[in-house]
Amino acid sequence: MSAAAQNITPSPDAQSFLNREHRLLIGGQWVTSASRESIDVFNPATEGHLAKVAAGGKDDIDRAVSAARKAFRGEWSKLTAYERTRLIWKLADELEANLALASELEVLDNGMPLMLAQYSIASFGCEFLRYYAGWATKITGDTIPVSPTGVRNGESLTYTRREPIGVVGAIIPWNAPLIMATLKLGPALAAGCTVVLKPAEQTPLTALFLGELIKRVGFPDGVINIVPGYGETAGAALAAHPDVDKIAFTGSTEVGKKIVAAAMGNLKRVTLELGGKSPMVVFPDADLSRVIPGVTRGAFFLQGQNCMAGTRLFVHQDIFDKVVAQVGDLAGKFRIGPGMSPDSDLGPLISAEQRDRVMGYVASGKQSGAELVCGGEVLPGRGFFVKPTLFSKTNMDMQIAREEIFGPVLCAQSFGDGELQAVADEANKGIYGLSGSVWTRDISVAHRMAAMIDAGQVSINCHAAVDPAIPFGGNKQSGWGREFGREGLDPYLKTKATTVVY
Ligand code: ADP
């Protein structure tokens with residue numbers, strides 16, 4: 001189908017939002033950027049211009065950080081944990097009440113299919129906020145029974161307090177923009193921190209829409225500041241800012257390294273959720289009725305623009321040809337089109353740059369001798385659509401199998417009988433360790449293999465199971481620290497030990 005042929009007009013509510021003047025949210029006010037520069041935002045399905053958004057720079061980041069610091073020292077720190085819970089919960093309710101508009105704006109800006117936007121914002125973004133709303137009242141320290149050196153037993157008391165770390169700079173990518181914003185806000189607000197959020201320059205719209213909801217909900221001014229801007233200017237200024245206590249970053253490994261370097265100035269705390277090249281390992285006894293849809297979606301979900309995407313498919317030699325053929329068939333049946341069309345299973349890539357990058361990898365795959373099973377083409381017409389692409393007979397010497405493509409390209413290779421460790425060693429090659437999946441009916445193989453895969457999370461008989469309560473993050477160059485769950489709160493807290501000697 002020619003995706004770009006469809007021209008879907010935005011709803012009146014979405015159009016009215018797009019027509020607004022889009023400013024920065026600093027200290028509870030919508031303000032113009034100091035430089036008066038702006039970012040043009042485009043619809044990746046049509047290449048049409050959607051909106052102009054104020055582009056924040058260093059001066060704006062300075063203003064936002066001071067507003068966040070003032071809020072941190074002011075009214076926000078006086079609120080009870082119950083009050084923080086209620087505000088975060090109210091934000092989730094407000095987002096849910098505006099789900100239709102939030103989802104439409106997400107689709108227009110990012111390109112993902114509407115069903116996916118609605119489902120993920122409602123069942124993940126809103127629930128994520130609610131999950132962390134609950135944590136605000138459960139942050140506790142310890143009492144330590146032993147006495148400090150030189151003090152007799154029973155003559156002292158030591159306890160710890162878990163205090164909010166302070167001002168958090170949250171830098172997020174374009175692949176799931178609104179959800180990413182909730183992922184950073186939930187734990188930061190639950191812990192009692194204040195935030196400067198910098199959305200990706202490609203997709204600032206839903207963060208700005210969230211800003212409107214944040215104002216409606218009634219957070220004290222300056223608790224959440226939203227400054228769209230380019231990475232090299234606004235992002236870099238936030239990462240380097242001497243009065244920011246922590247950076248929570250999601251994005252590429254390359255930029256993650258820059259964040260670490262920038263953060264050195266004041267040794268701020270950094271958590272990084274970076275790239276991946278996740279293996280999906282299929283054993284010969286696996287239930288193919290689950291494997292085929294599972295690995296195909298695991299690879300092409302969000303057009304493969306997903307750090308957890310299963311981009312390396314390892315299949316036992318006995319079923320390799322069958323699995324590859326069936327995955328290729330299913331991938332070929334995915335309907336590609338604008339996210340606003342109910343017939344689209346996959347949307348466009350985010351930009352012409354990303355499309356060209358992906359097609360560069362496709363060319364490299366062909367050159368290196370990998371066998372193209374399906375896809376490998378762009379759709380003609382407007383919009384940045386690339387067909388889901390499967391390469392067979394790949395190996396880890398090939399660039400397509402080693403590097404994160406961040407697009408719809410799946411690399412398949414076979415393995416034979418023998419030691420599980422040898423399969424794991426192959427799956428663990430490379431610089432990433434974010435996610436992985438094991439497909440088998442044999443529970444000992446499943447758990448042994450899951451233990452051997454060097455990744456922050458491994459799924460068995462599904463790929464990339466996520467939930468607000470399940471810790472998420474990467475090993476090796478896939479990141480630092482864990483988000484989600486109880487562990488996801490820790491980076492936003494610092495422990496103070498207090499000792500009294502009677
Ligand atoms: P992706 O590859 O998904 O585009 P990036 O790592 O390029 O991811 O971008 C993720 C986020 O990091 C975006 O908000 C982007 O603006 C920001 N960013 C890019 N470069 C820098 C930088 N040098 N310093 C801080 N933030 C940056």
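1. A crossing of two helices is left-handed if the near helix is turned anticlockwise from the far one by less than a right angle, and right-handed if clockwise. Helix 15 and helix 16 cross in the right-handed sense. Helices here are DSSP runs of H or I with at least four residues, and strands are runs of E with at least two, numbered from the N terminus.

2. The structure is a predicted model, in which local features need pLDDT of at least 70, side-chain atom pairs count only at pLDDT 80 or more, and totals for chains, interfaces and linings use all residues. Residues are numbered from 1 along each chain as its sequence is written, and side-chain values use heavy atoms, with hydrogens and water left out.

3. Helix 15 (residues 420-427) packs against helix 16 (residues 443-452) at about 40 degrees, with the axes 9 Å apart.

4. The ligand is surrounded by 18 residues, with I172, W174, K198, E201 and S252 the closest (a residue is near if one of its heavy atoms lies within 4 Å). By class, the shell holds ten nonpolar, five polar and three charged residues; Asp, Glu, Lys and Arg count as charged, and Gly as polar.

5. Polar contacts are pairs of N or O atoms within 3.5 Å. A polar side-chain atom of W174 is 2.6 Å from a ligand oxygen, and a polar backbone atom of I172 is 2.7 Å from an oxygen atom of the ligand.

Conventions: Polar contact = N/O pair within 3.5 Å; in protein donor to acceptor, adjacent residues only side chain to side chain. Axes fitted to C-alpha atoms, helices over the stretch in contact; angles between N-to-C directions.
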